[in-house]
Amino acid sequence: MANIKYNANGDLVYVDPVTGQELIYNLGDTSFVLNSMCLVFLMSPGVGFFYSGLLRRKNSLSAVYVTMAALAVVIFQWFIWGFSLTFSETGSPFIGNMKYFGLMNILTQPPRETKHIPMLLYCVYEMMFAAITAAIAIGAIAERGRPGPILIFIFIWTTIVYDPIARWTWDVVGWSNHLGVLDFAGGIAVHITSGAAALAISIHLGERCDFKTDAPYKANNVTNVVLGTVMMWFGWFGFNGGSALSANLTAVQACINTNIAAAAGGLTGVVLDYRIQKKWGAVSFCSGAIAGLITITPGSGFVGAPAALLFGVLGGAICNMATLLKGFGYDDALDIFATHGIGGLLGSILTGIFAQASIASLSGDRPIRGGWLDSNWKQVGIQAAGSLAAMAYSYVVTTLILEAMALAPVLSLRASRETQILGIDNNEMGEQAFDNGDFPHSQNVNQAIAQAMSRS
C-alpha cells in the first residue's frame, strides 16, 4: 500500500497522504494489543461457563450458547456500523455516524485515541469489549428466556445502548469523556451498562415460574464456575492491561492492579460467606474474585497497587451485600446487577478518590488531573454523574426495547411455563449439556410437567 512501509528495524511506518508525515507503529505494541484482543475474546466463553455452572442442569447449555451467539451477533453488528457509531471522527458527542459503515476506509491510519497502533487493530480490539458487554447483560434471561429472540435483542441493544455509552465514555469527543469522567477499561461502558440492562431484563421477564419454591437452586457444576472464573481472570489481563493500547508501564500497572484486586476480592468473598455458612465455598471465592476484577476495571490504569487492594476488598464485600437488593422483588438469577452494576459503580467512585496523575502519566499519553489523592475534589462528583447517566440510560432504553419486542409474540423473550419446567436446553434447543437426569426416560414427561406445575 502506498501509505505503508517498513523501516530498517522492521517497524510498520504509516505515511500521512496529506502531510507526508511519518508515524511508526511499533510491532511490539501491535503484537501486545493483538494478544490482548485474544485474551478478551476468551472472556465471552468464560462468562458462559461461569453462568452455566451456576444454573440448574436443565438450563446450563443455553447459558454457554447465548454468550457465544452474542459474540457472533456483535461481531456482525460491529462490522456493519457498530465501530462507526462509536468511534467515527465525525458525529455528535452522543453518537457517531456512518463514516466507517462496513469498515470502509479503515486500515492503516491511526485512531484518535492512540498513535501506537493502526485503526484496524483498534477496531477489532474494541469489538471484543462490545461482545463481552452483551454477553454479560443477557445472562439475565437465565432459566426463563428464549435463545432465539435474544439474538435480535442483542443486535438492537448493542446499537442503541452500548454504542452510544461507549461513545460518551471513550471517544475523544464524547460528552462524558469531555466532562473528565475516568474509565480506563470499562467500569462504566461495560459493567455499569450491562448491569443496568440485566436489571431491566430481570424486571421485564419477571420471576421464574418456580422461583421461591422448594426447587433446588444450588450451582449444578461448580467446576464450570471455577473454569469460567479462570478464563475471565486470565482474559482480564488483556481487558485491563490491553487498554493501555501499548506495551508500556501503564499496561504493567494495570495488570498488577488487576491481579491484586481479583485475589483480594476472592478471599474477601470466601471469608464473608464462611462467617455465615461455616463452609469454604468455591463459588464464594469465584464470585468475590469477579467482583474484585469488576471494581478495579475503571481505575486499573489510574491507581496504585495499595489502592487496588482496597478496590478488591470493598468490591468483594459490597457486591456480596448487594445481592440482598433482590429482596425488592426482582429475580436476577445470576446477580448480574449486584456484581456488575454495583461493582462498576463502586469502582468508578473509588477511581474518583484514588486516581493519580503520576500513575496515568506512566504511558506518557493519558494526562489526567487525578482524584482526591491529587486534591481534585470534584472528581468523585464527575464520576458519579457519568456513572449514573450511563446506568439510567441503559436501564430505560433496555426496558423500551423489551417492551417493543413484547408487542410481537414471536419476539417475546419470556419462555412458556412448560418450557421453564422442562428446561430451556430441552425445549428450546433440543440439546443437553449432560444426560437428562431431571427427566429419566422411564418417566412420562407430561406427568412430570403436571407435577412440577402443581408444586409451583
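**Exercise 1. Cavities**

How many cavities of 30 Å³ or more does the count come to?

*Solution.* Start with the ground rules. This is a predicted model, in which local features need pLDDT of at least 70 and side-chain atom pairs count only at pLDDT 80 or more, while totals for chains, interfaces and linings use all residues. Residues are numbered from 1 along each chain as its sequence is written, and side-chain values use heavy atoms, with hydrogens and water left out.

Step 1. On a 1 Å grid over the protein atoms alone, a cavity is a set of points where a 1.4 Å probe fits but cannot get out. Grid points are joined across faces, edges and corners, and a volume is the space filled by probe spheres set on the points. The count comes to five cavities of 30 Å³ or more.

Step 2. The largest cavity holds about 100 Å³ of space.

Step 3. A lining residue has an atom within 4 Å of a point. The largest cavity has 14 of them, and S62, A63, V66, I141 and A142 lie nearest its centre.

Step 4. Helices (H or I, at least four residues) and strands (E, at least two) are DSSP runs, numbered from the N terminus. Helix α2 (residues 60-87) supplies the largest share of this lining, three residues.

Step 5. Ala, Val, Leu, Ile, Met, Phe, Trp, Tyr, Cys and Pro count as nonpolar, Asp, Glu, Lys and Arg as charged, and the others, Gly among them, as polar. On this scheme the lining of the largest cavity has nine nonpolar, four polar and one charged residues.

**Exercise 2. The whole chain**

Which radius of gyration does the protein chain have, and what would a compact globule with 456 residues have?

*Solution.* Step 1. The radius of gyration is taken over C-alpha atoms, and the globule rule is 2.2 Å times the number of residues to the power 0.38. For 456 residues the rule gives a value near 23 Å; the protein chain has 22 Å, which agrees.

Step 1. Along its principal axes the C-alpha trace spans about 75 × 45 × 40 Å.

Step 2. The secondary structure comes to 16 helices and three strands.

Step 3. Buried means under 20% relative accessible area, exposed over 50%, and partly exposed in between (1.4 Å probe, protein chains only). Of the 456 residues, 56% are buried.

Step 4. A contact means heavy atoms within 4.5 Å. Among contacts between residues at least 6 apart in sequence, 73% join residues at least 24 apart.

**Exercise 3. Single residues**

Is Y100 buried or exposed?

*Solution.* Step 1. Y100 lies in the loop between α2 and α3. Its relative accessibility is 2%, so Y100 counts as buried. Y100 and S84 are 16 residues apart in sequence and 4.8 Å apart in space, C-alpha to C-alpha.

Step 1. Q383 lies in helix α13. With 0% relative accessibility, Q383 counts as buried. Its contacts beyond four places in sequence include G180, V181, L182 and S348.

Step 2. L245 is in the loop between α7 (222-240) and α8. L245 has a positive phi of about 60 degrees although it is not a glycine. Its relative accessible area is 4%, so L245 is buried.

Step 3. K278 is found in the loop between α8 and α9. K278 also has a positive phi of about 60 degrees, although it is not a glycine. At 54% relative accessibility, K278 counts as exposed.

Definitions and conventions: 1 Å grid on protein atoms, 1.4 Å probe; cavity = no way out; pocket = protein on both sides within 12 Å on 5 of 7 lines; lining within 4 Å.
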